[in-house]
Amino acid sequence: MDKKILQIHSSPHISSGAGVDVIMRNVVYALLPVVAFSIYAFGLAALFTLMAAVLSCLLTEHWLCKWSRQTTSVNDWSVAITGIIYGLTLPPNLPLWMTLIGGVIAVSLGKFIFGGLGYNPFNPALVGRAFLQAAFPTAMTTWSAAFGAQRFTSLPASTLTFPLTSPQYDSLSGATPLAAMKFNQQPTDAMDLLLGLTSGSLGETCAVLILLGGLYLIARNMMNWRIPVGIFFTVIVLSALFHFANPHRYPDAVFMLFSGGLMLGAMFMATDMVASPITNLGCFIYGALIGTLVVIIRLWGGMPEGVMYAILFANAVSPHIDRFIQPTPFGHRS
Amino acid sequence: MSTKPGEIIVTGPKDTDEFIKGVWAQNPVFVQVLGMCPTLAVTNTASNALVMGLATAFVLLMSNVLVSSLRHAVPKQVRIASYVAIIATFVTAVDYIIQAVSLEVHKSLGAYVSLIVVNCLILGRAEAFASKNNLKRSIYDALGMGVGFTLALLCLGVVRELLGNGTFFNLSVLPGNFQPWVIMLLPGGAFFVLALWMLLINRLKQGGPRD
C-alpha cells in the first residue's frame with residue numbers, strides 16, 4: 001500500500017488497518033500449521049507440489065498484470081493464499097506439470113478474467129482443482145499412503161512425470177477414508193481422522209490443525225464464523241438423521257464431519273470473502289446449502305467426495321442469496 | 001417489399017468485402033456468438049467440426065441464394081415461415097448426403113445435423129442480409145459467413161482433439177504416453193477453448209490492451 005502524508009477523502013477516517021494484505025497474511029499464518037503437517041505427512045512430494053502450486057499462481061498473476069499493464073497485485077498475498085489452498089487440495093503424488101497447469105487456470109480463468117481480486121464469482125483455487133478433476137480424473141483420484149518410509153528422501157515416480165505424458169505410479173495404495181467408506185463400506189477411526197493419520201489430499205487430512213487455523217481467524221474477526229457453523233450444523237444434522245435411519249448404509253456424523261475436504265473447505269474455501277454472501281443471514285443459508293450438497297453428493301453421488309462442487313455451486317448462488325436477503329435499512333417502516 | 005434491387009444497406013465499397021466481413025470482422029462464432037449449440041457440442045474432433053462447418057456453410061449458401069432470389073415474391077407476413085421451409089429442405093438434403101457418404105460421421109454428429117435448421121446464424125443471415133440484398137452480394141455473404149463458421153469450428157475442434165485425444169484429424173501426432181485431457185472432449189472443455197479463442201481474437205482486433 002502506498003502511503004500518503006495528507007489523505008483527502010470522505011469518512012470513515014478511522015480504520016482498523018486491516019487491509020487486504022493484513023487479512024491475507026493472517027490467513028497464511030492460519031494455514032502454516034496445515035502446510036507443515038502436510039509436508040510432515042507426505043514428505044518431499046507435498047513440498048514440491050505446494051511450491052509448484054504457489055509459484056504457478058504467483059507467476060500467472062504477475063504476468064497477467066504486466067500483460068494488461070496494471071500494477072502487479074502479487075504483493076497483497078491474496079494470490080499466494082489461492083496458491084496454498086489450491087496446493088492443499090491436490091493429491092500428494094500428482095505430476096508437477098498438472099499442478100502447474102491447474103495453477104495457471106486457477107488464476108487466469110478463475111480470477112483474472114473476471115477482473116482480478118474482488119470480482120471472482122468462484123473461489124479461484126477450486127476452479128483450478130475442478131479443471132484438473134475434469135481433465136485428469138485418474139491422476140486426481142490416485143492417492144498415496146501418508147507417512148511413507150522414504151517420504152523425505154525420494155519423490156514418488158509420478159511427481160516428476162515429463163510434461164504432458166501419463167504418470168506412472170510406483171504403488172497403488174491409500175484409498176481415502178471417504179473412498180473406503182463409499183466403495184468398501186469400511187469406516188475409519190475418528191481419532192485417525194482428527195489427527196490426520198489417513199490418506200487424502202495434502203491439506204485435508206488433519207482436522208485438528210485446520211480447526212485451529214480457522215479458530216484463529218475467527219478470533220481475529222477475519223472470517224465469518226457463520227459460514228463454517230452453517231456447514232457443520234447442516235452436515236451433522238443431515239448425516240445423523242440418515243445414519244439413524246440406516247446405520248449400515250450411511251456413515252455417522254463424526255465420520256462425515258472429519259473425513260475428506262469438509263474441514264478445509266468449510267474453513268478456508270467456502271469463506272472466500274469475494275465469493276460468499278455479504279449478509280449474516282445469507283452466510284447461514286450459504287453454509288446450509290453447502291452442507292446439504294455435500295451430504296447429497298457424498299451419500300448418493302458417483303464420487304466419494306463432493307465438497308469442491310458443493311462450494312463452487314454455492315459460490316454461483318451466493319449473489320442471489322444476497323438479493324433475496326435484503327436487510328431492512330435503518331429507519332425503514334413497512 | 002419496400003427494398004429495391006441493388007439498394008445498398010450494408011455499407012461496403014466492394015461485394016467481396018462481404019466475404020471478408022464474415023470471416024473476420026463479423027465472424028459468426030467469435031464475434032456474433034451465433035450457433036453456439038453446434039459450436040460447443042460437435043467440435044470434440046477436428047473432422048466432426050469440419051463436417052459440421054461445411055454442412056452449415058452449404059445450407060447457408062443455398063438458403064441465402066433462394067431467399068435472395070425470392071425476396072420480392074415472398075409476402076412480408078410469411079417470410080420467416082418461408083425461410084424455415086427453405087432451410088429445412090436443404091438441411092434434409094445435407095442429412096441424407098452425410099448419411100450416404102459416411103454413416104460413421106453421421107452417427108458421431110448425432111442430432112446436430114438436423115439441428116442446423118434452428119441454427120440462428122442461417123435464419124439470421126436470411127432475415128438480415130439475403131432478404132434485403134441482391135443475389136451476388138448474398139452469395140458472397142453466405143460464403144464469408146460459412147467459411148468463418150467452418151474456420152471457427154475448426155479452431156475449436158483442432159485444439160480439443162489435440163489435447164483431448166492426442167490426435168489431429170484422427171492421425172496420432174503426439175507420443176504414445178501422452179496424457180489426454182478428458183475435459184477437452186466434454187462440453188465444459190468447449191467453453192474453455194471458445195473463451196480463450198475469443199480472448200485471442202479480441203486481443204488481435206484491438207491491437208493492444210485497453211488503457
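Predicted model: local features only at pLDDT ≥ 70, side-chain atom pairs only at ≥ 80, totals over all residues.

User: How do you know what confidence the chains have as a whole?

Analyst: The mean pLDDT of chain A is 89, and 97% of its residues reach 70 or more. Chain B also averages 89, with 92% of the residues scoring at least 70. The model scores ipTM 0.82 and pTM 0.88.

User: What makes up the contact between chain A and chain B?

Analyst: Chain A gives 15 residues and chain B gives 13 residues. Contact here means heavy atoms within 4.5 Å. The area buried between the chains is about 1500 Å², and carbon and sulfur atoms give 72% of that. On the chain A side, A:W67, A:F131 and A:L164 lose the most area to chain B, together 32% of what that side buries.

User: How many salt bridges cross that interface?

Analyst: The rule finds zero between chain A and chain B. It asks for a side-chain nitrogen of Lys or Arg within 4 Å of a carboxyl oxygen of Asp or Glu. Over all chains the count comes to seven.

User: Why is the pair B:K21 and B:E18 called a salt bridge?

Analyst: The cut-off is 4 Å between nitrogen and carboxyl oxygen. The closest N and O atoms of B:K21 and B:E18 are 2.7 Å apart, so the pair qualifies under the 4 Å limit. The two residues are three apart in helix α1 (residues 17-25) of chain B, which means about one helical turn separates them. Both B:K21 and B:E18 are buried.

User: What other salt bridge does B:E18 form?

Analyst: B:E18 also pairs with B:R137, with the closest N and O atoms 2.5 Å apart. B:E18 lies in helix α1 of chain B and B:R137 in helix α7 (residues 135-165) of chain B, so this pair ties together parts 119 residues apart in sequence. B:R137 is buried, as is B:E18. Both residues belong to a network of salt bridges that links B:E18, B:K21, B:R125, B:R137 and B:D141.

User: Why are B:E127 and B:R79 called partly exposed?

Analyst: Buried means under 20% relative accessible area and exposed means over 50%. B:E127 has 23%, so it counts as partly exposed. B:R79 has 24%, so B:R79 gets that label too. Their side chains meet in a salt bridge at 2.9 Å, N to O. The pair links helix α6 (residues 120-130) of chain B with helix α4 (residues 79-101) of chain B, 48 residues apart.

User: Which residues form the nonpolar patch on the surface?

Analyst: A:W63, A:W67, A:I113, A:F114, A:Y119, B:L196 and B:L199 form it, with about 730 Å² of accessible area together. Helix α2 (44-67) of chain A and helix α9 (187-206) of chain B each supply at least two of the patch residues.

Notes: Residues numbered from 1 in each chain as written. Chains lettered and ligands numbered in written order. Heavy atoms only, no water. Patch = residues over 30% accessible without salt bridge, like charges linked within 9 Å, V, L, I, M, F, W, Y side chains within 5 Å. Areas by Shrake-Rupley, 256 points an atom, 1.4 Å probe, with all protein chains shown as cover. Helix = DSSP H or I, 4+ residues; strand = E, 2+ residues; numbered from the N terminus. pLDDT = per-residue confidence, 0-100. Buried area = accessible area lost by both parts, 1.4 Å probe. Buried < 20%, exposed > 50% of the residue type's maximum accessible area, 1.4 Å probe, protein only.
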